[in-house]
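Please read it with the sequence and the coordinates side by side.

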Amino acid sequence: KNYQHVMIKNDLNFLKELKETKKDTKVFIIGGKTLYEKTFNYCDKIYLSLINKEYECDTFIEYDFEEKFIVENIQLYDDFAFYQLNKKKLEKI
């Protein structure tokens with residue numbers, strides 16, 4: 001794939017601006033828990049890897065993916081699963 005440029009940002013205001021302009025721009029957020037949780041509402045698509053092993057840890061993402069996203073694709077591997085989640089469309093009443 002041909003990527004035009006890479007941006008490194010220190011704040012998240014650019015996400016709101018991108019949403020408002022409706023530009024078709026791919027943005028990849030590379031974590032930490034707080035950063036992920038602040039950006040999920042801006043996402044139309046999430047690529048999520050789940051490792052098939054238990055680790056001793058003290059940090060967990062608190063987000064209800066099933067409420068706002070549907071699973072579009074799952075790829076299973078020996079040590080992990082890779083999910084593609086797409087934001088649910090709002091139903092008009």
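1. What percentage of the 93 residues in the protein is buried? Buried residues make up 14% of the 93, where buried means under 20% relative accessible area, exposed means over 50%, and partly exposed lies in between (1.4 Å probe, protein chains only). The protein exposes about 8900 Å², and carbon and sulfur atoms supply 50% of that area; the areas come from the Shrake-Rupley method with a 1.4 Å probe, and for residues only the protein chains shown count as cover.

2. On the basis of these values: this is a predicted model, in which local features need pLDDT of at least 70 and side-chain atom pairs count only at pLDDT 80 or more, while totals for chains, interfaces and linings use all residues. Residues are numbered from 1 along each chain as its sequence is written, and side-chain values use heavy atoms, with hydrogens and water left out.

3. The protein has three helices and three strands, and from the N terminus on its elements follow the order α-α-β-α-β-β. Both kinds of element are DSSP runs numbered from the N terminus, with helices being H or I over at least four residues and strands being E over at least two. Among contacts in the protein with a separation of 6 or more, 54% come from residues 24 or more positions apart, a contact being heavy atoms within 4.5 Å.

4. The three strands form an open sheet in the order β1-β3-β2, with antiparallel pairing; two strands count as paired if DSSP finds at least two bridges between them. Because β1 (45–51) and β2 (69–76) stand at the edges with a single partner strand each, one side of each is left without a neighbour in the sheet. The twist from one strand to the next averages 25°, taken between axes that are lines fitted to C-alpha atoms (for helices over the stretch in contact), with angles running from 0 to 180 degrees between N-to-C directions.

5. Seven bridges join β1 to β3, and β2 also pairs with β3 (residues 80–87) in the antiparallel sense over seven bridges. A hairpin of three residues links β2 to β3. Along this pairing, Leu76 stands opposite Ala81, Gln75 opposite Phe82 and Asn73 opposite Gln84.

6. Gln84, which lies in strand β3, deserves a separate look. Tyr47 also stands opposite Gln84, and at 19% relative accessibility Gln84 counts as buried. Leaving aside neighbours within four places in sequence, Gln84 is in contact with Lys45, Ile46, Tyr47, Ile70, Val71, Glu72 and Asn73.

7. The largest nonpolar core has six residues, namely Phe40, Cys43, Ile46, Phe65, Phe69 and Leu85. Such a core is a set of buried Ala, Val, Leu, Ile, Met, Phe, Trp, Tyr and Cys residues joined through side-chain atoms within 4.5 Å. Not counting residues up to four places away in sequence, Phe40 touches Ile46, Ile61, Tyr63, Phe65, Phe69 and Lys87.

8. Helix α1 (residues 13–21) has Phe14, Leu15 and Leu18 buried. These residues cover an arc of only 105° around the axis, which puts them on the same side of α1; the arc is that of the directions from the helix axis to the C-beta atoms. The face of α1 turned away from the buried side carries the exposed residues Asn13 and Glu20, while the cover over the buried residues of α1 includes α2 (33–39). Just after α1, Lys22 takes a positive phi of about 55°.

9. Ile29 touches Leu35, Tyr36 and Thr39, not counting residues up to four places away in sequence. Between Ile29 and Ile46 there are 9.7 Å in space, C-alpha to C-alpha, and the two are 17 residues apart in sequence.
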